[in-house]
Structure formats: C-alpha cells, structure tokens
Amino acid sequence: MLLMTILVLPLLGGTAVALGRGRTWSAWAAVASNGGALALGIIAAVRVLREGPLSGARGTLRADALSVFMVIVIGAISLLASWLGVRTPARAPEDGHRNPERSAVYGVLVQAFVGFMILAVLAANVGVLWVAVEATTIVTAFLVGFRRTRGSLEASWKYIVICSVGIALAFLGTVFVYLAALHAGGHSAHALDWTSLMAHARHFDPSLMRLAFGLLVLGYGTKVGLAPMHTWLPDAHSQAPAPVSALMSGVLLTVAFYAILRFKAVTDVALGPGFARTLLVIVGLLSLALAASLLIAQRDYKRMLAYSSIEHMGLIALGAAAGIRLAIAAVLLHILGHGLAKSVLFLTSGEILTAEGTSRIDGVRSLVARRPALGGLFGVGLVALLGLPPFSLFTSELVMVRAEFEVGLGWAAVLAMVAMVVVFIAVVGHARHMLLGPSGPPRPAGSSGVTAPPPRWVAAPLIGGLVVCGFIGVFAWPLSGLLAAAARVVAT
Amino acid sequence: MSGSSYFSVLTLAAGTVLVCAVAILWLASIRAVISMVAVQGASLGLVAVVLGVHLHDAGLLAAAAVVVVVKAVVIPVLLGRASGSDSGSRESRPLVNVPASLVASAALIVLAFVTGRGVAHFVGTRAGALVPIGIATMLIGFFVLVARRRPTFQIVGLLMVDNGIALTAFLCTAGFPFLIELGVSFDVLLGVVVLMVLSQRLRLEFGDVDLDELQELHD
Amino acid sequence: MTAALLVATALMGLAGTAAGAIAPVRFRIALSSALTIAACALGFVVGAEVLHSGHAAVVHTTTLMPLASFSLALDRFGALFVVITAVVGICAMIFRFGYDGQGLASRTASSILPLFVTSLLLVPAASNVTTFLFLWELMAITSLLLVLTDHARRSEVQVAGQWYAVMTQLGAAALILGLVLLATRSGSQSFAVIAVRSAHLPAWVRSTAFVLAVVGFGSKAGAVPLHVWLPRAHPEAPGPVSALMSAAMVNLGVYGIVRVGMGLLSGGPAWWWLLVMGLGALSAMFGSLHSATSKDLKRLLAYSTTDNVGLMLLGVGASGLFADTGHRALALLALVAALLHVVFHAVFKGSLFLSASSVHQAAGSTDLDQLGGLLRRMPVSGPIFLVGGLAIAALPPFCGFVSEWLLLQSMLHGLPSGDVAIAVAMPIGVGVLALTGGLTAFTFTKAIGIGLLGLPRTQDAERAGEVGRPMWIGAGLLAVLCLVFGVAPFLVIPSVVDAAGAVPGLHLAGALTRGWNVALPGVPGMLAPGLVAIGLVGFGGLVALGRHLVQQRPVRLTEAWGCGRELQTVRMEYTATSFGEPLTRVFEDVLSPARDVDVSHLAESRYYTEAAVIHTTIDDAFERRVYRPADRMLVRWGAVARRVPNGSVHRYLAFGLVALIVVLVVLA
Amino acid sequence: MSTGWSITSMSAISLLQVVLVIVGGPLLLGFMRKVRCRMEGRVGPPVHQPLLDLRKMAGRERTRPEHASWVFPLAPVVLVATTLVVAAVAPLLATDPAFGWSADLFAVVFLLLLGSVSLALGALDTGTAFGGMGASRAMTIGALAEPALLVAILALSVPAHSSNLPTIIIRSLAHPAWLATPERVLALVAFVIVIVAESGRLPVDNPSTHLELTMIHEAMMLEYAGPDLALVKLAESMRLVVLFTLLADLFVPWGIATSPGPWHLAVALASTAGKLVVLGAALAVFEVTVAKLRLFRVPELLAGAFVLATLAVLSTLVVP
C-alpha cells in the first residue's frame, strides 16, 4: 500500500498539473507531491529497517533497503527540480510569456518521468524494471527537445536513438538472464523477480550469464552514461531545460546504475565476483579517462557538468567493482551526494543561462562579483562536486578508494586518482574564468536584462540541497543504518 | 502440426525476418523499406504464432497478436504517413554504399552465427537453433543505424534491432510473461512515435535534413 | 578535561564561522575575530596542558564521518604545533581587528577565516586517516577561498588561486593514496594501530607510502619542486591569512612528514631521509636565492618561507638519518633543532608578514622600489619589521640565531659517527645552511634597507603613516617573542624537547638547557644567548656613552654628502633590483634572469638617448621548465580528444556497434 | 674547564683582550701601512698614525643626513659593540677569559655578521647611491664568504668534537700533530681568503682607494663624520685584529696562556703580538704584490675557498 502510494503520488501531481492547465498552483501541487514521495520514502526506509523488505501491488512492487534508498534520492532531487521547474516553461526562449498548455505538458511529463523512475526502483521484476527505464527514455525525449531549438531537437534525436538501442541491448541481456533462470528451474511467471533470481543464481549457466551481464552493462550503461555509449549525455544534458538536466544527471543515471547493481549481485552469485569486477573496472576507467580528456578543452559549462557526471559514474562503477559492503555503501552515499550537488549545479547553471544568455564558458565572466548569489552557488557546488570537504562526495570517494585498495584494485584507484586530478585541474581552470574577476558593467549583449538576483524561493532549495550534501558528509547517523542495510542487499 | 512442418515453417518465418533485414539494407526508396518493415513484423508475428501453437501457450499467442498489430500494421502505417509528405525521398547517398553494406551484413551474419552458437546450443530446442538469426537481424539493424542518413531509416534500423531481439526472445524463452511482452511492445511503439514526431519537427524546423547535418552539438 | 577543551576549541571556531556568516556588518569582524581568538586561546591551553602533562587529549565518535569514525588524539608532538598555531592565530586575529583590506571584511571571508584557523588547530590532533584527510582538505579549501578574497581587484589573485588549488590537490591525491595504502595494508584507520603494525609491512609498501606522504606534505610545506604555488599564493592572500599560511599552515607539512615517517612508520632506511634532506637542501638554496633577488616584499617573504622549510627538512632528514644509524640522542637533537626552527620561524615570519601588510596598507604597495623611508614614518611597525628581519637572518640576540646554531651543532656532532651517508650529507647540509644564512642576511638587509630606510620613492610612501593600534599590537607581540626567545630560549626548548621526545625511539641523555644557556648534553658545546645580549647592550651602551662624552655638540642635520653630488633625489637611490644585481650576476646560470633594456632616443638625433630603462625579471625555473610544459601537454591532449566526438550520431552509434561486437566476440 | 681560574683573573683577561684589540687594531693598520710604504720605497706615516687620526676625528662634529633615521647613528655603535663582545669572550690571549665557555665559533661568526649587517643598513639609510652600492657589494661578498667560513670552522671543529673555541685550542695544543694534518692546511687557506674578503683588504677591496666606483667598504662610511667615522674605522681595524688573532690561535695556538698568572699572560701577549706582526707583514706584502680583483671575480675566489673548506671537512672524515 505504502509503495503504491509512493508510486502514485507523483502521477497525482502530474494529473493536478494537467487539470490546472499548468497554472502556478498546479505546479506547486506537483512540487508538493514530490515532497510527499520523499517523505513517504523516508517512512518506508524506517519501516524497512525495522521490519524488513516491504512489498505491494500483489508482489509486483518490492522495496528493500536499496530500493527505498533510491526512492529517497529520487524524491529529494525531484523535489528540488520541480521546485525550480515551477517557472521553467516560461523560460523557454521562443515564448517569453507563460504558455499554459506547454507548461501543462511540461509538468505532466516531468511528473511521469519521476513516476517511472520510482517504478524502476520499486519493481520486483526485472522485466518491469526494463519497461520503466525505457519509458523514462521516451518521456524525457520530449523534455530534452522541449525548447524546440535546433540544438535541442538534435540532442533529443541522438538521445532517443542511442538510448533506445542501448536499452534494447539491455533487453537482450535480460532475455538471456531469463533463459538462464528458466533452465535453472525458475517458474516462468516469477523467474524474473529479484528474489528468485538471487535464489537460483547459483545454478545459472556461467557462459550465458557472462554474455548476459556484458550486454546488460553495455545496455544499462548507455543510460548510466558509461563509455562507450555515453555519447548522448553531453548533448542531452546541455540542451534540456535546467530542471530536466538536473533530474537526468542527478537521478536518471543512477537509477540505471541501480539496475546494474542488482544484476551485478546476481552475476556475482552465479560467477563469483571476478567477472563483474573486471567489466566494471574497464568501463569505469574508460569513462573516467574520457571525461577527464574532454573536460580539459571544454567550452560550455553545461557540457562541463555533463562530463563531470560521466566522471562520477565512472567512479561509482569503480566503487561497485570493488563490491564489498563498504564499497557499496560508499557508492550509494556517492549517488546521493552527486545527485544533490549535480542537480543544484544544473539548476544554478539554468539560472546563469537565463541571466547571461549564453552557456559558453568564455561568455560568462566574474560571476561572483556581478551576481554573488549565482556565482556563490555555482562555486560552492563545484567545490562539492570536486570532492572537497565538508561535502559528502569527499567521504564517499575516500571510502571507495579505501575499498578498492582492500580488494586489490589499488592500481585502478591510482589511475582514477590521476584522472580526478586532471578533472580538478580542468574544472578549476574553467571555474576561475567564469567566477572570478572584477565586476565590470553587466554586459548588455545577450544578457536578457535579468540582473536581479534570483528570488529567495528560488535560491532557498538550492542552498538547502548543498547544505544537505554537506550535512550528510559530516554526520553519519541519519544514513549509516540505511546505507549498511542497502549494501547488505547487493554485497555479499 | 507435425514436428518437421512446424520447424520448417518456423525456419521459414525466421528466415524471412533476416531476409527482410538484408533487403532493407539493399533498398533505397523509403516506401519499399516501409513495406519490408511490415513484412518483417508479420513474419515475426508468425514465428510467435507457430511457437505458441507448438507449445500450446495462450500468452504467447496473445503476444503474437500484439506483435502483429503493432509491428506489422500500426508502425508501418504511421511510418508511411509520416514519410508520406516527403514521398519518393530516397537514401540517395548512404554513408556506406549498398555493396559495401551487403558485404558488411554478410560479415555480421557470420559473426552472429559464430557467437550465437553457444546460446543456441544452450537452449537445446530446435527453435533455439535459430537464435543466431535473431542476433544477426539485430546486428544488421544496428548497422543500418550507423550507415543510413535519413531519419526514417534510423527509425527502421531501430525497429530491426527490436525485431531481432524479439525474435531471439521468442526462440530462446518463448517470449516473456504476457504483461511484460505487452509493456515492451508498447514501449517500442511509443519510441517509434516519438521518433516520428521528432523527425516531423526536424523537417518543420530545417526542411529536408540528413542526420549528419545535425552536428551542431559537440565539444 | 583536555578532551573537553579540544571539543570546545572546535565549537568556538565554528561559532566564529557562524558569527562571520550571520552577524550584522557592524559586529561581524569584531565578533568573528574575538571568537577565533577565543578558539586559539582554548587551543593554546589544550596544547600547553598536553605538552606539560604528556597525557593525550582523546576524542572519538562514530556519529561524525559516515562510513568511518572521527577521532582526535593530541599527543605532545601534535600539541607543539597546536600551540604554535594558536599563538600565531591570536596575533593574526588581533591584527585583523584593525585590518580589513584586500576584501577581508566580506561576509564570506569573515566566516571562512575562523574555519581555516579551526582546521589548522585540529589537524595535528587528528588520529585516524579519514579524520586527518578531512581536516587536511578542509584546511586546503578554506585557505584557497581566503587566498581568493581579493580576486575582484587583482588578476594575479586568480592566477595564484589556480596554482594553489592545483598544487594542493596534487598533494592531496598523493596523500590520500599513501595514507589509504598504509591503512588498508595494516588493516586499520587508526594512527595508533598503524604505528604498531606498520613494522611488519613489506618494504615497498612502507617506502611507497612514505614517498607519497613526502610528496603530499612537501607540496603543502612548499618544498622545491612542489613550491610553485607558494610565492604566488602567500603574497596575494590578505595579510593575516598570509601570516597564518606562512607561519602555521606550512609547519603542518613538516608535521606530516615527521608524523608519517617517524611516527606511523617509526623510521626507515637511510635513503628516505637522504631524500628529505635533499629536498630540504634544494628548497633552502632555491628559496633563499629567489628571495634574495625578488623585489616584492611579500614575494620575498614567501620565498624565504620555502627557504626556512628547507632548513626544517634538513633537520628532520638529519634526525631520521641519525635514528636509522642508531644515534638516538643525535636524532633527537636534530629533531629538536628542526622543531625549534619551526617555532621560531612561525614567530618571526608571522611578525614579518603582518608588518609587511601593515606597510602595504600604509604605503599602498609591497614593491620595494615603491617604498623607502618608512622607518621614520611608521615608528612602531618599522622596528617590528626590523626585528623580524634580524631574527630571520639568524642574527643575535634574536631567536633565529638559536635554532640555526642548534642545527649546525647537530650536524657537526653527527659527522664523526663514521657512517658514509652521514659523512657525505652533513658537510653539504652545513654548506647549505651557511649559504642560506648568508643569503638571508643579504635579503633582509635589502628588505629593510630599501624598504624602510633611505628616502621614500613614491608619493604614497612619502605620505605613509603608522597603522592602527590593533595591527601593530598583533605584529608587535610576535616581534617581542622574537627577542624574548632569542635572549631566553630556555623558555621554549624544554617543551620542544618533550614534543620531540613523543616521537618513538628518540631520547636525549640530559637536558638541553643549563640555566639561561643552551648546552649540548655530553659534549662541550654551549651557547649563552642571554650573555651575548647583555654583552651587546653593555658594550653598545659604553660605546654610545663614549661617543657622547667625546663630542657633546648636537648632531648636525645635513644634506647627504654623496661625494659632492649636487642634491639628493630619489632617482639616485639604490633600488631593490640594483641591490640584488651583483648576486643575480653571480648566480646567473641558476636564475637565468631576463633583462630587457629599452632606450628612448631624443627626437632630434638618435645618437643621444633621452631615457634608458632596464627591467630584470626572474621567473621560477621549475615553473618554466616543468609545470608550463606539462600544462601545454595537457592542453594539447585536450585539443586532440575534442575531435573524437564530432557530433555525428552515426559515429556515436558506430562506437556502440563496435562495443557490442566486442562484447559478443569476447563473451559469447 | 675553568681549572684554577679565578673570576677576577678571568675578567682581567677579558679586559686586557678588549684593550689589546682597541689599541692593537689601529697600530696593526699603521704597521701594515708602514710596511707597504717601505716596500714602495716611501717613508710613510708613523705606525701610530691611525690612533692620531681617530683622536682627530673624535673631535669633529657629528653630522647626519636629514632624512636618515635612527639606524644611521646606531649602526657604528652596534658594529663596535659586536666586535668588543667577541674580543671579550674569545680566547685571544688565554684559553679562559670570562665566559670563555660561551665562546662558540659559530656564535662568533654570527656576531660579526650582525656588525656587517648593521653597517650596511647604516649605509642604506643615507639613501645615497654610493651607500647602496657599498652595502650591496659588501653583503654579496659577505653572503658568499659565509659558507666557506662556516665549513672551514666545521673542519676545525670535527677533530675537536666541539665548536667551542677554548676547547678547540686546548685540544689542538694537546695534539701537536694536528698542525700538519691536511684538513688544517686546507682550512687555513680557506680562512685566510675569507678573512681577507671580510675585512675588505686587497685583492677583494682596496681600503686606501679614493675612486668611489671601486669602493666596497669605504663606500659605506662615506656619510659618516666625526666620532661616528672614528667608530667605523676603529671597528674595521678591531675586526682585523680579532680575526688575525683567532686565526693564529686556532692554527698555531702555542704561546696562548693556558693557566693563570701574569707570567703566562706576558708570554701570551708577546706571542700574540708576534703573530700579529707576522700576519700583518705578510698581508701587507701580499697587498703590495697583487692588484685588486674585478668585483665579479671575487665570487670565484670565495667559491674556491668553499671548495677547499669542504675538502678539509671530507679529509677529516677519511684521515682518522
């Protein structure tokens, strides 16, 4: 019941938006619904910790610690994103005035997006998981192309084509898993449930599982944004409206990674940890190297953020490769921290874009002096993103490195560290040009006259997000129990 | 029906899927390609029907129905309507020309059969022996995505990938539980619809485009 | 008791941060500074108590640091550094009451400064890997933000900030890898456990960890060749911050090397310590040379920080070497010398940086060629700088003299030990010490003579006046300490000996002080700084008296004679550049200065020059030879990488197809 | 090691040494000038001429450039004071002047350095070009001389296991063989070079030049007049005496009083005077025969000294 409610709430918000023809109150209703999802997620977490996994909708929904953790992540970030999204449709360049049905469409799509993500993490069945993830692709395709500019259309085309192919490969992988499950004597109806997969995984055919997991990593990896199928990511993230970028970068990627985590657990049981580890280390390092090299000469700050997402996904992949509980806990903490920081950054960059009228790095100068609020938020967000204390990414990265050393992946950790230093150098270089410098006259060219600082209700959630990110980086008690439990789900 | 005839029909249907794939690679005119897609969808449905009859699996028959409706009727019609406006538009100068594409497809088929053998052997059934055909179709579809410029062709390529995987799924596991099957087909449908809408918009925005004119976004 | 105080210190610092963030503008600086001073005072009490009693202050909690634990354990060795930081912090904060230049008054700065000080105070107390790295990085980021406070007005600040960020991150990466390697191999995060188990680790692990630690801490300490950020960042930081960085933060680099090398790893093979000594010697030479030839006051001070860090590392390296060859007493002696130099460096470099920024505020520049004649115009800050300069030049009766003497003694007495490594290392060490000593004397003769004496070279310098009371009090306290410690080193040496004694396996036969004097136990070697001071004052008084008696007529103020030159103008004065010129010529090969002469001719005939200007610029060899090429390589690589994703969806899909084929071929 | 020395005798010795240095300095200069003149075939002024000069200057008026600060008048005082402190505690005549135990070679070096720095500051305080020039050159030479000096000291201290002056002297009295050891010889040469450089004699600096552009030490005292000038000049000569005496006592310690009693002191006084005469004559002769080096050749000389000193240290380690 609880799970059902969690699942339905965002959709209710969506219907509210639809009914309200996208008027402001309906947008706020959507925000409230996401907030509710977050709250219920926390409640669910408490219950899971107390009485073990919940299930709902006659067994099609199932929530263990890992799922509820992901629900919390989704809830938190969708809250942020929809909050800032309240005024986004009006920001669409081609119609400055508020356009009711478009904002309605926008709101509905966003809520559907959130709903499908929640479905993905609550699904008891890998088939349903797949359907949900593919659905997110379709929903977001419109959102990416929402601004109807040439760039956004191009981006959404690439996005949907590449992701559909990737997801298709994931489907093939799922097929093979199913095949293996059937042969291991699973009952066809429930053979694809996580529980039964984990139960029978011991008897799965190794060679088939190897192929299947390879395809799954490749397929879901596409949505995660792992090399070599990451190519859609920078375009989509840079073209989508800020809240959508925030949602995609902050949660969508990690929801897809959630699938990989689950399947990794199955594979580990079937093949032992070695195989999945090798695969994840390869893609992880590949993504890291790629992100690092492409950040050096980056010229667009939204793409910069996108590539940093690729970098962090690479880190997460490495962490998952380590695979021990400590590592998984760190991975999850990193998922949350990165989600918060990255969504705040994307939302801020959206504000910057509307204020400055360009997303080029060399088009934005001395932001801290000219727009203290935006500049400050962007700067602090970058600090968080680069893994500096007190933000949680520091702790999670440190712990991941520890775990990698403990399972003998020290060499990978070293390579990752090198890549991270390169990323740091690159990002600091870009940030310096954007943020620092004298406050000249606000440039009339391009800047759409918005020199006023963002209203409080806009800044508040962003600051809140960063504060939370810092809080969980310092204080252990709110999360440690949940993290441990969630890690126990997928780590032996 | 008797085992042998069941198997020959199955083989025939599966073979048709692959042949359609190769044909699509060969053809240039969009209309012809769309009809090929329809045929492919139909024969995919046929595979499902045959398997369903053979295994007395109602769910599978239902799935077959869904497949036929979606892939042999709805999508081709939509495609036809979508590309109706730019009638007679052709893949005039593909990135990889036709002969090379055919050679490539041959190579891909060989690859599929080499790599699919393991799975086929694992499945064990006679239907399972046909799994490589599915993989081959998927690969060729992928190749179409890489090698063809027109938006419609990419949609078709995507469909082929899907069909190939669906074929594999039918042959390996006699499909998924019906609900999931439904969801999958629905997703495919939606995906195609979205793509078509997008291609419409592309045409509206900048007229008749080849996809590799879309290179505005890069670092 | 001490634990509670330690917590109180942290909380007080955080309160300062909060005050800086939310207090109304009128009280902001006062309130945050006051709270920070309180934090420092508490820190001082904790440190002093620990130093005195020897009981570590331990705080441990698992509610702080997710997936790890937060634990502090302040032993005597760490306590010394806490005390140093506290003293410098107090003075810097007093100074700050009067100093709000360089954007230090902003809300951001006044909320971050307390946090920076707090992290400085806590780092030496951290007792597990996560806690240490957390505080360490906190220190790094806060200091970075503080360096950047003046970014809006000076573009140099941005450059400095970038250099600092990159170098400190390089160091942090090395540090993380090294410490994590140690922690995982010895199966625990806690320093105490690591210290116990590290002995059984394979040699390569120990050595790797140590080298990584040296890199990490070296970059923070500003040891050559990782120093490049220091001469940029320290000058650009606002006065109190640069003082804190140079007098407190840099020490922690030395702290770390000792903590890891002697504490966690409890000593190692000779080559480790030869490496440290090598770095030290290099830093000392390089730093002193550059400070001798640079013409900007704060840049000069920054380079001299590198120089002094070099001396500290020399001492530490020598100590490790002695310990490795079994000369425990000598090892302790060398370590004490090094730590004593840490203490004294903190004192005089603090006063120098603070008074330098007083000069900055008074005369509007730190370029020596823009200053001059300030001693008369700044009757308090001037002498403060003078004292600091004499102290850093190791001249009696000021404190630098004592620590350098001890360093020399430890090396001298190490020599006969007959060990080859020592036999080679020590004379070089003494040579380096001597050369840097001479160069430092040169440098600060220049800094004082050009900056404070003679005629003012600009209008601003002409109009300069004494700065506000808090500023010269803050700087003055440290200057007074320079003299006090120089005359009565027995006030500090015992505590320093205790602190060094906390390092396992080092012990000294007998005390290092006898009455007012510094006396080496066992060997005839004594220094009577008090006596020297008395002698100087006494004889000086007699001489002055004599001069007065033989010639009662009042001193006549005249136009300077200058061998009959017409009139005394500023343009005839020696500049910092010209003062350093002979030395620049001597070390031309090392410094490779760039000289460009531009001559403007008279309009009538180009055979007559109207004016000729010569610019001599000396840039950092390591920056030129190592870092810039590396940067260029990186950029080139980035440009190459950019071309791969060209935006074509087909290419992207091709990546996918290839990947798929690979997966099929490999896994099926 | 205060064996049988009473406080009174020790302080008496210190006093004697101070007087010796104050009076002996000018006389030594006068003597050297005399020798030079004789060698150049001139009669030359009487040996005590420098003393007369000092008295004359003492009577003159003190002047001060109007923009100079209190550093200017203070500098000569400090300069003299440092030298006097050394003179008082260093074992010049006897191994145990008052506080002899505190006479450390390194300390002596740093004390003398303080003197040079203060003079340089005084020169810079005048703000004249020549002041700056002199200070710059003097400090450059000082900076380069210091390593050679300290390493040479190290070479002497190693065999004695101490850098405490009386200890070194007593121990080298106990081991006459040290006189001839290679490190001693090498260190000796280094010492001589450094002393020549430090005390501004030829070939490093020409004390009797009147051409400002070649001046080093002279350039720094151009603005001083009257008693101040007297003090600077006096200090110059005192430093020379102190350095010479130390040199002599370190390398040829015989004659220095190791036990109390006027007799011993008389001997010490005589021997010290003898040594000074010899050294002074030698330096004078040397000065007559060489020409002044170009400023930028001086570093080569000092680098040579540094190398010699280092060799000395290394040989101390291989020989025993």
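In which loop of chain C is the place of Pro225(C)? Pro225(C) sits in the loop between α8 (203-221) and α9 (230-236) of chain C, where helices (H or I, at least four residues) and strands (E, at least two) are DSSP runs numbered from the N terminus.

The legends below describe a predicted model, in which local features need pLDDT of at least 70, side-chain atom pairs count only at pLDDT 80 or more, and totals for chains, interfaces and linings use all residues. Residues are numbered from 1 along each chain as its sequence is written, while chains are lettered from A and ligands numbered from 1 in the order in which they are written.

View 1. Pro397(C) belongs to the loop between α15 (381-392) and α16 (399-414) of chain C.

**View 2. Positive phi at Arg148(A) and His56(B)**. Most residues other than glycine have a negative phi, and most peptide bonds are trans. Arg148(A), not a glycine, has a positive phi of about 55° and lies in the loop between α6 (126-144) and α7 of chain A. Arg148(A) counts as partly exposed because it has 17 C-beta neighbours inside 10 Å. For His56(B), phi is near 50°; this residue is in the loop between α2 (30-55) and α3 (58-84) of chain B. His56(B) is exposed, with 8 other C-beta atoms within 10 Å. A residue is buried if 20 or more other C-beta atoms lie within 10 Å of its own, exposed if 12 or fewer, and partly exposed in between, with C-beta atoms placed from the backbone.

**View 3. The open sheet of chain C**. Three strands in the order β3-β4-β5 (chain C) form this sheet, with antiparallel pairing; two strands pair if DSSP finds at least two bridges between them. β3 (513-514) and β5 (526-527) of chain C stand at the edges with a single partner strand each, so one side of each has no neighbour in the sheet. Strand β4 (residues 517-519) of chain C pairs with β5(C) over two bridges, and Ala519(C) has Met526(C) in β5(C) as its bridge partner.

**View 4. The contact between chain D and chain C**. The contact takes 74 residues from chain D and 69 residues from chain C, two residues being in contact if their C-beta atoms, placed from the backbone, lie within 7 Å. On the side of chain D that touches chain C, the largest share, 19 residues, comes from α5(D). The residues of that side divide into 44 nonpolar, 20 polar and 10 charged; Ala, Val, Leu, Ile, Met, Phe, Trp, Tyr, Cys and Pro count as nonpolar, Asp, Glu, Lys and Arg as charged, and the others, Gly among them, as polar. Strand β6 (residues 556-558) of chain C and β1(D) pair in the parallel sense over three bridges, with Leu557(C) opposite Arg64(D).

**View 5. The side of chain A that touches chain C**. Here 56 residues of chain A are in contact with 49 residues of chain C. The largest share of this side of chain A, nine residues, comes from α18(A). By class, the side has 41 nonpolar, 10 polar and five charged residues.
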